[in-house]
Amino acid sequence: MDAGGTQTDRLLIDAVACERRIALIRDDRLTRLWIDRGGPARFDIHLGRVSKILPEMAAAMVALDGIADGLLPFDRVDGPLHEGQWVIVQISRLGFEDKGPKLTGRIAIEGLGMILRPHEPKGSGSGVIELPRKLKDEDRRASLSALFRGLVAREESITLRSLAIDWDDAALTGELKQLRAVWARAQTALASPVKPVLVFKALSDADQMIERHVMAGRECMVDGADEFVRLRGLLRARGFEADHLVRHDGARLLFDDQDIEDDIATALQLRVPLPGGGWIAVEQTTALCAIDVNAGGSDADHDQARRAEQVNLRAAPEIVRQLQLRNIGGLVVIDPLRMAGKASRDRFETALRDAFGPEMDGAVQFGGFTRLGLFELTRQRGGIALAELMHAFRPDPVPTRAAALNAVLRSVTRDVRAGQAGRYRLHVAPEMVDTLAPGSSGQQILERAMGMAPELAADETLSRADYRLEKL
């Protein structure tokens, strides 16, 4: 989920509800969107128990704390496994749809500035130190190598991140100590196991991306006091200035003020207009994502072949943008307008390749054009697709409870910022009352926004994402 990016990229973080929405703005357009609701993260470390051996899959199922059993391949763990065995495992890929997470027994403890692998494969000898390739200053490489040679233990591996090249010795030593403490907790849990337990909660992909962005000095605007304070504290703890971190305190919500809500709405629709005319249809199914390019309404051109190529070349970057915004992975089949020559098809493929950029280094694989003129590609899955986060399909799409709760919280906050103050009764659908009950995170958010918690009332006439404020 690496945002990549340039010095001019901006992050907008909406943290006024029970979820964080993070928007990456590049060239004044929404390029990527992340929705973080907590839960399992890649690199979480668990003490688990082998629940079943699957010889036909060369793997074992491992019971974990609070989430579905994970799949542990035999080639990702040292030694044989048996049912009932306690193991230290790490999530290497999050679960999706009806599949549980994929696990590894090769532990890599992720820090902000480095990665600690407490046990390298047998025979690796003395500790391993890996410094960033981009570090060209030989004096700095020598000083870092000397520092870590005095710190790294036998059969231990440390990979330094580019972000930490300029950290002082105390900061580097302190983080290594913290990462070793994580491994010590895991070993303690393994020594006297009682039940599966989460040993280490890793930073989510969204948190890692945010921290890389702000540490690089790129602009970040935050709507939400707690998130702003957290990020400012992170910068100051590392000795960085926080001038590029801005708190949004306008009368409107940040995503309303920056027109991001409209882009999110478009990313949930079937049809997306193209600049200069024409449109694409994006239809996601269980098996694949089908994308159709259409010329309707596009600028007229008497040469039909040239017109088809122009529309296809306009469609290519928008296709990539929609795949990224919607977080669509797996097989993607594109039906572009018919192009007669190989040169035109090559230009279309190049336009797609350029739009994907760094993702072409492994996350995206091109299958190319088929005999029927379709273009096939695969994109690595990176969590849950936007449509699945926002909608439950039964059979018509309706907001999920989590999406509905956050929509209500943002809407009420929007009303309060518009000047509605005082005591209120909040009417919501009956199924949503418990999500805003006393002690819930939803009620705490409302209390902070309104100055006091509103009275709650169930209203059977309201749908899941609707509400009504009644002045008392």
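Modeller: Helices, of at least four residues, and strands, of at least two, are DSSP runs numbered from the N terminus. The structure is a predicted model.

Colleague: In which loop is the place of Asp 27?

Modeller: Strand E2 covers residues 20-26 and strand E3 covers residues 29-36.

Colleague: Is Asp 27 buried or exposed?

Modeller: A residue counts as exposed when its relative accessible area is over 50%. For Asp 27 the relative accessible area is 68%, so this residue is exposed.

Colleague: What is the phi of Asp 27?

Modeller: Most residues other than glycine have a negative phi. Asp 27 is a residue other than glycine, yet its phi is positive, near 55°.

Colleague: What is the phi of Asp 28, and is that residue buried or exposed?

Modeller: Asp 28 is also found in the loop between E2 and E3. Although Asp 28 is not a glycine, its phi is positive, at about 65°. With a relative accessibility of 71%, against a cut-off of over 50%, Asp 28 counts as exposed.

Colleague: What percentage of the residues of the chain count as buried?

Modeller: The C-alpha atoms fill a box of roughly 70 × 70 × 50 Å along the principal axes. The chain exposes about 23,500 Å², of which carbon and sulfur atoms supply 51%. Of its 472 residues, the part that counts as buried is 45%.

Colleague: Among contacts between residues at least 6 apart in sequence, what percentage join residues at least 24 apart?

Modeller: Contact here means heavy atoms within 4.5 Å. Among the contacts between residues at least 6 apart in sequence, those that join residues at least 24 apart make up 65%.

Colleague: How many Å apart do the centres of the positive and negative side chains lie?

Modeller: The chain carries 63 positive side chains and 69 negative ones. The centres of these two sets lie apart by 3 Å.

Colleague: What separation do the centres of domain 1 and domain 2 have?

Modeller: Domain 1 is made of two segments, 9-38 and 204-260, while domain 2 spans 269-379 and domain 3 spans 394-471. Taken over C-alpha atoms, the centres of domain 1 and domain 2 are separated by 31 Å.

Colleague: Is Arg 410 buried or exposed, and with which residues is Arg 410 in contact?

Modeller: Arg 410 lies in helix H10, which covers residues 401-417. Its relative accessibility is 6%, and buried means under 20%, so Arg 410 counts as buried. Leaving aside neighbours within four places in sequence, Arg 410 is in contact with Asp 14, Val 16, Ala 17, Glu 19, Arg 21 and Leu 253.

Colleague: With which residues is Ala 164 in contact, leaving aside its neighbours within four places in sequence?

Modeller: The place of Ala 164 is in the loop between strand E12 (157-160) and helix H2 (169-191). Ala 164 has a relative accessible area of 0% and is therefore buried. Beyond neighbours within four places in sequence, the contacts of Ala 164 are Gly 113 and Leu 172.

Colleague: How does Arg 314 count in terms of accessibility?

Modeller: Arg 314 is found in helix H7, residues 304-325. Its relative accessibility is 22%, whereas buried means under 20% and exposed over 50%. Arg 314 therefore counts as partly exposed.

Colleague: What distance separates the C-alpha atoms of Glu 460 and His 427?

Modeller: Glu 460 lies in the loop between strand E25 (455-458) and strand E26 (467-471). Glu 460 is exposed, with a relative accessible area of 74%. Glu 460 and His 427 are 33 residues apart along the chain, and their C-alpha atoms are separated by 9.5 Å.

Technical notes: Residues numbered from 1 in each chain as written. Predicted model: local features only at pLDDT ≥ 70, side-chain atom pairs only at ≥ 80, totals over all residues. Heavy atoms only, no water. Buried < 20%, exposed > 50% of the residue type's maximum accessible area, 1.4 Å probe, protein only. Areas by Shrake-Rupley, 256 points an atom, 1.4 Å probe, with all protein chains shown as cover. Lys, Arg positive; Asp, Glu negative; His and termini not counted. Charge placed at Lys NZ, Arg CZ, Asp CG, Glu CD. Domains from an automatic or database assignment.
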